[in-house]
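Visitor: I am new to this structure. Please take me through it one step at a time.

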Amino acid sequence: MNARKGAERARRPLAMIASVLLITGVSTGAATADGAHDGKYCVVEVGKSVDGGFSPVKSQTCSNDPTSSAFRAAAAPDILLMEWFWNAYNNPGDVTRIVVSDADQRCDSSGYRLRPNLIWGNEISGFYTYSYCREVTIYDGYNRDGDSQYWYDGTGDGPNVPYVGDWMNDRTSSLWIRA
């Protein structure tokens with residue numbers, strides 16, 4: 001077998017997994033074969049969940065340059081709900097911003113139920129919340145189950161947690177943010 005056919009055959013399982021995840025409504029982002037994301041900075045637009053289900057991912061844009069026109073355009077009209085940090089205290093800085101495009105979709109009591117994509121699953125070390133998202137629960141289970149940790153801040157926009165702590169660091173498989 002020549003090298004090109006071998007490389008193509010090695011990529012097939014990744015393509016099949018990505019197809020299944022897209023069909024089931026899970027965003028794959030822009031994963032590469034080694035699992036790295038294609039940019040240090042991402043904007044993920046989500047919609048309101050229906051009947052207590054997970055919030056649909058409407059779009060995702062990543063870039064290595066947060067000042068790039070494509071990245072700024074993706075975040076410009078949106079309302080920021082949350083930022084995820086790859087490392088504690090966002091140092092060095094890799095961040096994903098969770099946004100909504102409609103002002104009527106700010107956090108309320110039902111909030112947003114999120115599953116980090118393949119890139120961010122079990123990689124979140126810290127987060128900040130905005131737009132009245134005052135309660136956050138992170139879970140190590142994919143369906144908001146398993147071990148969890150809860151934060152609440154009734155005095156401001158919501159909890160700012162630069163480090164989730166040793167117990168839940170790099171264990172987030174699902175989240176629920178709400179007012």
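Visitor: Which pattern does the chain follow along the sequence?
Guide: This is a predicted model, in which local features need pLDDT of at least 70, side-chain atom pairs count only at pLDDT 80 or more, and totals for chains, interfaces and linings use all residues. Residues are numbered from 1 along each chain as its sequence is written, and side-chain values use heavy atoms, with hydrogens and water left out. Helices (H or I, at least four residues) and strands (E, at least two) are DSSP runs, numbered from the N terminus. Read that way, the chain follows α-β-β-α-β-β-β-β-β-β-β-β.

Visitor: What share of the residues of the chain count as buried?
Guide: Buried means under 20% relative accessible area, exposed over 50%, and partly exposed in between (1.4 Å probe, protein chains only). The chain has 179 residues, and the share that counts as buried is 40%.

Visitor: Over how many bridges do β7 and β10 pair?
Guide: Strand β10 (residues 174-178) pairs with β5 in the antiparallel sense over three bridges. With β7 the sense is again antiparallel, and isoleucine 138 stands opposite leucine 175 in β10. The number of bridges between β7 and β10 is five.

Visitor: Which residue in β10 is the bridge partner of leucine 114?
Guide: Tyrosine 112 stands opposite isoleucine 177 in β10. For leucine 114, the bridge partner in β10 is leucine 175.

Visitor: Why is β10 largely enclosed by the rest of the structure?
Guide: Both faces of β10 are covered, with Ser174, Trp176 and Arg178 on one side and Leu175 and Ile177 on the other. The strand is largely enclosed because the number of its five residues that are buried is five.

Visitor: How many disulfides does a search of the whole structure find?
Guide: A disulfide is a pair of cysteine sulfur atoms within 2.5 Å. Cysteine 42 and cysteine 62 form one, with their sulfur atoms 2.1 Å apart. Another joins cysteine 107 to cysteine 133, S to S 1.8 Å. The search finds two.

Visitor: How many residues apart in sequence are the parts that cysteine 42 and cysteine 62 tie together?
Guide: The torsion about their S-S bond is about 110°, so this disulfide is right-handed. Cysteine 42 is buried at 2% relative accessibility, and cysteine 62 is buried at 18%. Cysteine 42 lies in strand β1 and cysteine 62 in strand β2 (residues 57-63), so the separation of the parts in sequence is 20 residues.

Visitor: Are cysteine 107 and cysteine 133 buried or exposed?
Guide: Their link is right-handed, with 80° about the S-S bond. Cysteine 107 lies in the loop between β4 (95-100) and β5, and cysteine 133 in the loop between β6 (126-129) and β7 (135-139), so the pair ties together parts that are 26 residues apart in sequence. Both cysteine 107 and cysteine 133 are buried.

Visitor: How many aromatic pairs does the structure hold?
Guide: Rings of Phe, Tyr and Trp (its six-membered ring) pair if their centres lie within 6.5 Å; planes under 30 degrees apart count as stacked, over 60 as edge-to-face and the rest as tilted. The structure holds four.

Visitor: Why is the pair of tryptophan 84 and tryptophan 120 tilted?
Guide: Tryptophan 84 is in strand β3 (residues 79-85) and tryptophan 120 in the loop between β5 and β6, 36 residues apart. Both tryptophan 84 and tryptophan 120 are buried. Their ring centres are 6.0 Å apart, and the pair is tilted because the planes are at 55°.

Visitor: Which residues does lysine 40 contact, leaving aside its neighbours within four places in sequence?
Guide: Lysine 40 lies in the loop between α1 (3-23) and β1 (41-46), and is partly exposed, with a relative accessible area of 33%. Contact means heavy atoms within 4.5 Å. By that cut-off, lysine 40 is in contact with Ser63, Asn64, Gly93, Asp94 and Val95.

How values were computed
Pairing = 2+ DSSP bridges.
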